[in-house]
Amino acid sequence: MERRRPEADRAVHPDSSVLRRTVRFATGRTGSLSRSRVLGAVALVVVVGPSLTGLLVAIGARGDITVEALAYQLLVLVAALIGGAWPAVLAAVLSGLSLDYFFVAPVHRITVQQPSHLAGLVLYVVSAVLVSVVVDRSARHSRTARRAAAESALLTGIAGSVLRGDDALAALVDRTREAFGFDSVLVRQDDDVAASSGAVLGTPDATRSLPGGGVVEFRGGAVGPGERRLLAVVEQQVDAALEHRVLARAAVDAERIAATDRVRSALLAAVGHDVRRPMAAATAAIGGLRAADVTLTESDREELLATADESLRSLAALLADLLDVSRVQAGVLAVTPQTIALEDVVAPALDELALGPTDVDLDLPADLLPVRADPVLLQRVVVNLLANAQRYSPDGVRVRVAATASGTVVELRVADSGPGIPASRREDVFLPFQRLGDTDNESGLGLGLALARGFTEGMGGTIRVDDTPGGGLTVVVRLPIAGAGQEGHQ
């Protein structure tokens, strides 16, 4: 469906009917003067010449033929201006014969008794030819100017479409169809449809191969000889647009590869750092236990065993997080939604992190409706959010966990009073391997919020970050109420 254009746009983007008339008028002739103009000039000479002669015979005086010569000269000039050389020569010959037959003694006889009469006839013909040459050159220049105007109007219309945000190739195809009156125009590249305009039905009436490997198909309407030059200009623009599209895709692919390499480099650096710490601690603890030349007390032995156990647990959690991220990104996350109360998930998460009443300000209403979620994944979400909030909260300031019902969803809020995150970087916290605001080396790979988003969206919920009143960051998890249906992304 054709979009309506505002009036301010019409100066930059000409109306299609006006542009079509410009193209037809500027390119519809094969010569400098149209056949209709030449025939019209001949008809003028044949009809007006005898009438002019009759009028001059009726009012003219014998002996002085100045008026008659000027009148016939005017007819010659008019014929040259309208039809060019051949009508002008015809008018000059007929007017010379008429002057000699009707106005030069002896009248009613065609005789050339004086050289001046012959010179006059020759001057008539010469003046007609000179005027016709001027007219012909003027017509050629006019035709070239109109063709340039048509090309400019077409390309200006395309440029106007691009400036309004349209795709350059699509704008080219649309404006070409409108300007030349085709039913449809289709551009193929590597056997794929790159752009089309109009109803593409049936076999194309004309097909043009482009130097860059593309193909343009035209349906409906014929292209005259005068229009082929302008259409060739359009084809050059289409070929350039196809080449630009190929280069743009190559640039996007290159940037995507570069971004992937950056992520891989970051992953390798982060994994190498986070694996070395617990591995070094576990190796040192086990080495101390196996040392034959060192006598260990029972408390030393227990401390080394606890260090090894804690380091191995950290390694296991790290590997589990990496596997979970890979499942989320591959879209193979197993989700088993159930009807569950939030307190049945929050309480085990607090126990897992060993957080007590002095660490968390808990606000879960007793009448809160149950949600539809996977209890295992939801607990992982809560654990990750609590661990993240606890990490950034100042000492002695409790993390706040609250839940409220809103329409068909329940909102779970985990708020800290830490430094917060700028609004421009809030989406970055949900990307893997991001540790915004971390100043130590003990924060892990930055997978917690990435996993929280993946798990939440896998359960049909949404997650976002807000400011905490008074400073800090609040993570809001929205889950559908059981029996109310899953809510789409808000």
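Predicted model: local features only at pLDDT ≥ 70, side-chain atom pairs only at ≥ 80, totals over all residues.
## Overall picture

The protein has 490 residues, and 36% of them are buried. If you look at contacts with a sequence separation of 6 or more, 67% of them involve residues 24 or more positions apart.

## Helix 3 with helix 5

Let's begin with the helices. Two packed helices are described by the angle between their axes and the distance between the axes. For helix 3 (residues 35–59) and helix 5 (residues 85–103), the axes come within 10 Å and cross at roughly 15°. Angles under 35 degrees count as roughly parallel, and helix 3 and helix 5 are therefore roughly parallel to each other. Their crossing is right-handed.

On the helix 3 side, the contact is made by Val 38, Ala 41, Val 42, Val 45, Thr 53, Leu 56 and Val 57. Helix 5 contributes Pro 87, Leu 90, Ala 91, Leu 94, Ser 98, Phe 102 and Phe 103. Sorted by class, the residues of this contact between helix 3 and helix 5 are 12 nonpolar and 2 polar, with no charged ones.

## Helix 10 with helix 11

The second pair is helix 10 (343–352) and helix 11 (residues 375–392), which pack at an angle of about 50° with their axes 9 Å apart. Helix 10 and helix 11 are therefore oblique to each other. Here, too, the crossing of helix 10 and helix 11 is right-handed.

From helix 10, the residues that meet helix 11 are Val 345, Val 346, Pro 348, Ala 349, Leu 350 and Glu 352. Their counterparts in helix 11 are Pro 375, Leu 378, Gln 379, Arg 380, Val 382, Val 383 and Leu 386. The contact of helix 10 with helix 11 has 10 nonpolar residues, 1 polar residue and 2 charged residues.

## Salt bridges

Side chains of opposite charge can pair when their charged atoms come close. With a cut-off of 4 Å between a side-chain nitrogen of Lys or Arg and a carboxyl oxygen of Asp or Glu, the count comes to 10 salt bridges. Among them is the bridge between Arg 464 and Asp 466, whose closest N and O atoms are 3.2 Å apart. Arg 464 is partly exposed at 32% relative accessible area, and Asp 466 is also partly exposed, at 21%. Elsewhere, salt bridges that share partners join Arg 188, Glu 217 and Arg 219 into one network.

Another bridge joins Arg 400 to Asp 361, with 3.2 Å between the closest N and O atoms. This pair links distant parts of the chain, with Arg 400 in strand 8 (residues 399–406) and Asp 361 in strand 6 (residues 360–363), 39 residues apart. Arg 400 is partly exposed at 36% relative accessible area, as is Asp 361 at 28%.

Ile 481 lies in the segment after strand 11 (473–480) and is buried, with a relative accessible area of 8%. Which residues does Ile 481 contact, leaving aside its neighbours within four places in sequence? They are Leu 369, Pro 370, Val 371, Arg 372, Gly 407, Thr 408, Val 409 and Val 410. Ile 481 and Ala 405 are 76 residues apart in sequence, while their C-alpha atoms are 8.4 Å apart in space.

Ala 354 is worth a look for its backbone: its phi is positive, about 55°, although it is not a glycine. Where does Ala 354 sit? Ala 354 is found in the loop between helix 10 and strand 6. Ala 354 is exposed, with a relative accessible area of 63%.

Terms used
Residues numbered from 1 in each chain as written. Heavy atoms only, no water. Axes fitted to C-alpha atoms, helices over the stretch in contact; angles between N-to-C directions. Helix = DSSP H or I, 4+ residues; strand = E, 2+ residues; numbered from the N terminus. Parallel < 35°, antiparallel > 145°, perpendicular 65-115°, else oblique. Left-handed = near helix turned anticlockwise from the far one by under 90°. Contact = heavy atoms within 4.5 Å. Nonpolar A, V, L, I, M, F, W, Y, C, P; charged D, E, K, R; others polar. Buried < 20%, exposed > 50% of the residue type's maximum accessible area, 1.4 Å probe, protein only.
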